[in-house]
Amino acid sequence: MRKLLLGLDIGSSSVKASLLDASTGKSIASKAFPEEEMSINAPETGWAEQDPEMWWKYVKETIAFVSQKATVKKGELKGIGIAYQMHGLVCVDKDHKVLRPSIIWCDSRAVEIGEKAFKGLGKDYCLPHLLNSPGNFTASKLRWVIENQPEIAAKIHKIMLPGDFIAMKLSGEILTSETGLSEGIFWDFKKDGLSEKLLKQMEIPKEWIPEAVPSFSVQGIVSTAASKETGLESGIPISYRAGDQPNNAFSLQVLKPGELATTAGTSGTVYGVCDTPLYDPHSRVNTFVHVNHSKKSPSYGVLLCVNGTGILNSWLKKVMGGKWISYEEMNAIGNGAPIGSEGLTFIPFGNGVERIMQNKAVGAHLLGLDLLKHDRKHVVRAAQEGIVSSLTFGFRIMKEMGMNLQTVKAGKANMFLSPLFRKTFVQMNNVNLELYDTDGAQGAARGAGIGAGIFSSESEAFEGLSLLETLEPNPNFNQPYLDAYSNWERKLTELLKSGLAG
């Protein structure tokens with residue numbers, strides 16, 4: 001009998017499931033729903049909400065698809081892992097009913113609340129204890145609900161992150177994880193536990209916060225009710241959960257100090273692991289508990305996140321022809337422009353407030369347009385160079401913190417499918433880039449195998465992880481890319497000084 005593991009990745013664009021054969025470490029079936037991107041509702045400017053029941057609907061559809069495709073038999077499925085979009089807020093009542101749409105990661109309504117809490121708690125508490133400003137994270141979003149929707153707050157039984165909600169739907173139990181509490185800025189790193197001082201400052205009842213369990217552990221089993229809804233057998237353990245960026249790092253076997261992972265989907269990230277609790281004094285990058293953290297062997301993840309990355313590329317595709325042009329064609333068009341796009345500069349921050357910009361809504365800007373010189377090839381290249389430049393801006397912050405950035409791992413997906421993007425990333429940052437055949441759903445499945453005891457070691461869990469290619473920078477070509485970055489940073493500085501940003 002096969003030993004199969006199910007990984008679920010709850011994104012803001014889609015929900016993906018992957019079935020992994022534990023004996024080979026290979027995915028035997030995967031599927032993402034919906035075919036088009038999930039809707040994000042914006043009732044007001046800067047807001048972003050999704051219905052958690054929509055996630056559950058697509059979870060059920062992906063499970064049905066991969067189970068049928070792989071012809072899953074009774075007794076074969078040994079564990080379920082859940083990865084999810086970070087920083088979202090789900091509120092439920094005592095009957096586990098959702099009280100309001102989830103305020104998701106790119107929602108910026110709680111910025112001022114986070115800044116107020118940062119001042120109230122003080123820099124001397126927030127940075128050493130929380131490693132971050134409360135910022136626009138889950139705790140601040142919850143405080144917004146308390147202040148602005150008291151009738152909803154009065155009904156709250158528990159609050160959760162998106163992955164906690166899916167685990168609740170599968171098991172009937174409401175739990176969270178240490179890494180989850182840290183991403184919500186509820187975690188006191190000095191006490192290695194819940195920050196009661198933050199809860200007091202924000203007037204958040206402690207009883208609303210679920211019990212935390214290790215990322216790798218049996219955290220409940222598929223209930224009879226969920227079995228009827230999903231077709232899964234009752235009793236299957238839910239044995240792993242993590243936010244999408246810690247999980248993406250895990251899926252690439254980034255678990256040791258000095259190792260780094262990157263993604264470039266709707267948002268772009270770099271996630272580095274360290275064994276000491278580093279922090280940026282301006283909270284432009286953020287530190288969380290990593291999935292393999294323990295008191296005996298501390299592990300922290302430093303996350304650089306840029307909201308406006310792949311979403312700019314997707315917007316550009318719509319403008320240039322939508323379904324009539326492919327990303328491959330766009331990449332080829334952009335490759336026809338010289339490095340630096342002949343002075344055309346794209347600032348990609350058009351998807352809400354940006355942490356690396358200290359929670360400012362800078363906006364997206366196309367600068368230096370010359371109607372006699374520039375055409376669509378320059379625009380495409382400027383967009384991809386602008387996205388890489390924004391990540392490079394964050395890279396330099398991470399280096400200032402003392403992180404060693406030499407080799408970065410990524411799944412060969414999204415923006416990393418573009419040869420132009422890959423080359424710009426490698427040359428502009430002077431790093432080696434390793435590309436792997438994996439994704440977040442596969443990572444969640446491997447995590448489930450560790451949590452359920454199916455894999456005897458970490459090395460066994462990653463036996464099926466395939467390195468596709470390694471790209472190394474050519475020092476002879478670094479300077480043009482560095483010049484392009486310098487021009488981008490100068491234009492950004494001028495834009496911020498002009499007062500036209502946002």
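The model is predicted: local features need pLDDT of at least 70, side-chain atom pairs count only at pLDDT 80 or more, and totals for chains, interfaces and linings use all residues. Residues are numbered from 1 along each chain as its sequence is written, and side-chain values use heavy atoms, with hydrogens and water left out.

Select Ser133, His282, Ser283, Gln358 and Asn359, which are the closest to the centre of the second largest pocket among its 13 lining residues. A pocket is an open set of points on a 1 Å grid over the protein atoms alone, with protein on both sides within 12 Å along at least five of seven lines; lining residues have an atom within 4 Å of a point. The volume here is about 240 Å³, a volume being the space filled by probe spheres set on points joined across faces, edges and corners.

**Second stop: the largest cavity.** A cavity is a set of grid points where a 1.4 Å probe fits but cannot get out. There are 2 cavities of 30 Å³ or more. Select His87, Trp105, Cys106, Asn136, Phe137, Cys305, Asn307, Val353, Glu354, Arg355 and Asn359 to display the lining of the largest cavity, which holds about 130 Å³ of space.

Which residues line the second largest cavity? Select Thr138, Ile159, Met160, Leu161, Asp164, Thr176, Gly180, Leu181, Gly184, Phe186, Ile209 and Pro210. The space within the second largest cavity is about 60 Å³.
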